[in-house]
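Here is a short walk through one structure. Keep the model open and follow each stop in turn.

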Amino acid sequence: MAELRGVAARLAAIEERIAGACRRAGRDRMEVTLVAVSKTVGPERIREAIEAGVRVLGENRVQEAAEKIPLLSLAGSAPRPEWHLIGRLQSNKARRAVELFDAIHSVDSLKLGVRLDSLAGEMGKRLRVLVEVNAAGEESKAGVPPGEVLPLCEQLQRLPHLRLRGLMTVPPYLEDPDALRPYFRRMRGLREEARAAGIVGADFRDLSMGMSNDFEAAIEEGATLVRIGTAIFGARE
Ligand SMILES: *Cc1c(COP(=O)(O)O)cnc(C)c1O
């Protein structure tokens, strides 16, 4: 499929699939934001994606992002994109992360939340954050277990320099995306519970879930942020 080679062509194909999933679920396309995951991808190809219309980029390592973001904020005709941190954040990288990123999807403790709040306060920012959920309760996985999500959200919601926007998960890797639907539904259920309990604000609505292999199922189950890497940029080295 030669026509699918370039970043722009792949993006167009993904856009169609996102729109299709929205239609099937009776959702407005505007409810879903594509986060193009550019980890390991060089600045030239990221620029290609920006020029093809990508407005949000996701990186999983602070150090790598710190090298690329400055190169991509300069010049060019396209508007400055947003940058989201989607990978685990160590507290010694928190300051740099708050400087670089518009949103952090991977908050998994009150301690990290408090640190981000104080740094954001120092920098006069309000930082968008999501709580990472270990939806399947996997041993070696980042994120908080489902049972701890509401208490953590309640505490994070009180931090004045954070904007608690929702939940994120990286489900187990399974070939069949349909097998992940129970995890996606669980995430949606947690969001509804937090809202019903009145412990989060009106802008607690994001569900960051769905990757190259499973984003259509995730959208059908309520995803608002899909994090797609290889389907846009090709396989990583
Ligand atoms: C790499 C990564 C993605 C993108 O994965 P693809 O399968 O390449 O789409 C999404 N989310 C997180 C947290 C990642 O680290």
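This is a predicted model. Begin at helix α3, which covers residues 62–73. The helix has 12 residues. From its first C-alpha to its last, α3 reaches 16 Å, close to the 16 Å expected at 1.5 Å a residue.

Which residues of α3 are buried? They are V62, E64, A65, A66, K68, I69 and L72. Note that E64 and K68 are on this list. What do the buried residues of α3 pack against? Two helices take part, α2 (43–51) and α4 (94–100). Two strands do as well, β2 (56–59) and β3 (82–85).

Now turn to F101. Setting aside its neighbours within four places in sequence, F101 touches V62, A65 and I69, among others.

F101 leads on to the nonpolar core. The largest such core has 68 residues. Within it, F101, L116 and L167 have the most contacts. Which helix gives the largest share of this core? It is α1 (residues 7–25), with 6 residues.

Next, look at a pair of helices. Helix α6 spans residues 146–157, and helix α7 spans residues 181–196. Their axes come within 10 Å and cross at roughly 35 degrees. The crossing of α6 and α7 is right-handed. On the α6 side, P146, V149 and L150 make the contact. On the α7 side, R186, L190, E193 and A194 do. By class, 5 of the residues in this contact are nonpolar and 2 are charged, with no polar ones.

Past α7, find A197. This residue lies in the loop between α7 and β7 (206–208). A197 has 47% relative accessibility, so it counts as partly exposed. Its C-alpha atom is separated by 9.5 Å from that of E154, although A197 and E154 are 43 residues apart along the chain.

One last stop is T40. This residue sits in the loop between β1 (33–37) and α2. Most residues other than glycine have a negative phi. T40 is not a glycine, yet its phi is positive, at about 70 degrees. Is T40 buried or exposed? Its relative accessibility is 52%, so T40 counts as exposed.

Terms used
Residues are numbered from 1 along each chain as its sequence is written. This is a predicted model: local features need pLDDT of at least 70, side-chain atom pairs count only at pLDDT 80 or more; totals for chains, interfaces and linings use all residues. Side-chain values use heavy atoms; hydrogens and water are left out. Axes are lines fitted to C-alpha atoms, for helices over the stretch in contact, and angles run from 0 to 180 degrees between N-to-C directions. Helices (H or I, at least four residues) and strands (E, at least two) are DSSP runs, numbered from the N terminus. A crossing is left-handed if the near helix is turned anticlockwise from the far one by less than a right angle, and right-handed if clockwise. Contact means heavy atoms within 4.5 Å. Ala, Val, Leu, Ile, Met, Phe, Trp, Tyr, Cys and Pro count as nonpolar, Asp, Glu, Lys and Arg as charged, and the others, Gly among them, as polar. A nonpolar core is a set of buried Ala, Val, Leu, Ile, Met, Phe, Trp, Tyr and Cys residues joined through side-chain atoms within 4.5 Å. Buried means under 20% relative accessible area, exposed over 50%, partly exposed in between (1.4 Å probe, protein chains only). The expected span of a helix is 1.5 Å times one less than its number of residues.
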